[in-house]
Amino acid sequence: MGGHWVTDTDRARQNVQIVEDLTTSLADRIANGEFPLGTWMRQAKLAEDYGVSRTPVSLALSRLEAIGVLERVPHRGFRVRYPSSREIMEVFEVRAVLEGHAAYLAASRITEAQLHRLREQVAGFRRAVDMIRDGADLAAVSVPWQQSHNTFHQTVFEAAGNSELHEAANALYRKLPRKVSWRALRGDPRSLTQHADEHEYITAAIEKREAAKARELTVAHIESARELIIAHLPTPD
């Protein structure tokens, strides 16, 4: 008789892997802003989306609660947690160190193709500012702005050539979704212009191989974003 019998141990391993995969996927989607702050995580909908039962979804959500990404509200369920001002301060203090060092390394290691990509993102920021000034819908501007923002910072880490540095930064992004910056900036052409200027100055320093200046400008940029986010931190319902 041929065939492979699936044992209880096999099933247990499969179930553990499903929960781990769900946890990672949901954490990444939250970090990327797909589920904004305050979003209720509907278990039935998530189970349907992923093609699994509610049990692994519930376990994955509990894991995300344990690491502070979600909060459980009695009789209502899980939602993406609003960070406190202190948490934002701490995350951005570490981000300033990591991203500042990434810019420092990138100044001596970046390729022409990567530099071109940075310039493209700066141009993308400028187009977004023009769209806002022309009265474009904020939702229409959000997507290209976020794409430019994410690509810019990912390119700097890529150019730095240090995978451990990049992974440490990604872990921080999971604690504070990227869209919190957009929520603080949106609708204010002056703040958006300043944000675009800061990215352009960082690009220029990296292009000129001015490593110390690139780090200094990046740290200042992160600190500026931190203060803006804290000032516009939404209050949960």
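This note goes through the predicted model point by point, from the whole chain to single residues.

1. Basis of the note. The structure is a predicted model, in which local features need pLDDT of at least 70, side-chain atom pairs count only at pLDDT 80 or more, and totals for chains, interfaces and linings use all residues. Residues are numbered from 1 along each chain as its sequence is written, and side-chain values use heavy atoms, with hydrogens and water left out.

2. The chain as a whole. The protein chain contains 10 helices and 2 strands; helices (H or I, at least four residues) and strands (E, at least two) are DSSP runs, numbered from the N terminus. Read from the N terminus, the order of elements is α-α-α-β-β-α-α-α-α-α-α-α. Along the principal axes, the C-alpha atoms fill a box of roughly 70 × 45 × 30 Å.

3. Of the 237 residues in the protein chain, 43% are buried. Buried means under 20% relative accessible area, exposed over 50%, and partly exposed in between, with a 1.4 Å probe and protein chains only. When contacts (heavy atoms within 4.5 Å) between residues at least 6 apart in sequence are considered, 73% of them join residues at least 24 apart.

4. UniProt, in an unreviewed entry, lists residues 16-83 as "domain: HTH gntR-type". UniProt positions are given in the numbering used here, feature names are shortened, and annotations may be inferred rather than shown by experiment. In the model, this span is 54% helix and 12% strand, and its end C-alpha atoms lie 29 Å apart.

5. Helices H4 and H7. Two packed helices are described by the angle between their axes and the distance between the axes. The axes of H4 (residues 85-109) and H7 (residues 163-175) come within 10 Å and cross at roughly 150°. Such axes are lines fitted to C-alpha atoms, for helices over the stretch in contact, and angles run from 0 to 180 degrees between N-to-C directions. H4 and H7 are therefore roughly antiparallel to each other. Angles under 35 degrees count as roughly parallel, over 145 as roughly antiparallel, 65 to 115 as roughly perpendicular and the rest as oblique. The H4 and H7 crossing is left-handed, a word used if the near helix is turned anticlockwise from the far one by less than a right angle, with right-handed used if clockwise. Residues making the contact include Val 91, Leu 98 and Leu 105 of H4, and Leu 165, Ala 169 and Leu 172 of H7.

6. Helices H4 and H6. H4 also packs against H6 (residues 138-160), at an angle of about 60° and with the axes 7 Å apart. H4 is therefore oblique to H6. This crossing, too, is left-handed. Among the residues that meet are Leu 98, Ala 102 and Arg 109 in H4, and His 153, Phe 157 and Ala 160 in H6.

7. Leu 98. This residue of H4 is buried, with a relative accessible area of 14%. Not counting residues up to four places away in sequence, Leu 98 touches Phe 157, Leu 165, Ala 168, Ala 169 and Leu 172. Its C-alpha atom is separated by 9.7 Å from that of Arg 215, 117 residues apart along the chain.

8. Helices H5 and H9. The axes of H5 (residues 112-133) and H9 come within 10 Å and cross at roughly 165°. H5 and H9 are therefore roughly antiparallel to each other, and their crossing is left-handed. Val 122 and Phe 125 in H5 and His 199 in H9 are among the residues that meet.

9. His 199. Located in H9 (residues 189-207), His 199 counts as buried at 0% relative accessibility. The side chains of His 199 and His 153 are joined by a polar contact of 3.2 Å. A polar contact is a pair of N or O atoms within 3.5 Å; within protein, one must be able to donate a hydrogen and the other to accept it, and residues adjacent in sequence count only if both atoms are side-chain atoms. Leaving aside neighbours within four places in sequence, His 199 is in contact with residues including His 149, His 153 and His 221.

10. His 221 lies in H10 (residues 211-231) and is buried at 2% relative accessibility. A polar contact of 2.6 Å joins its side chain to that of Glu 198. Ile 202, in H9, is likewise buried at 2% relative accessibility. Not counting residues up to four places away in sequence, Ile 202 touches Phe 152, Leu 217, Thr 218 and His 221. The C-alpha atoms of Ile 202 and Thr 218 are separated by 6.4 Å.
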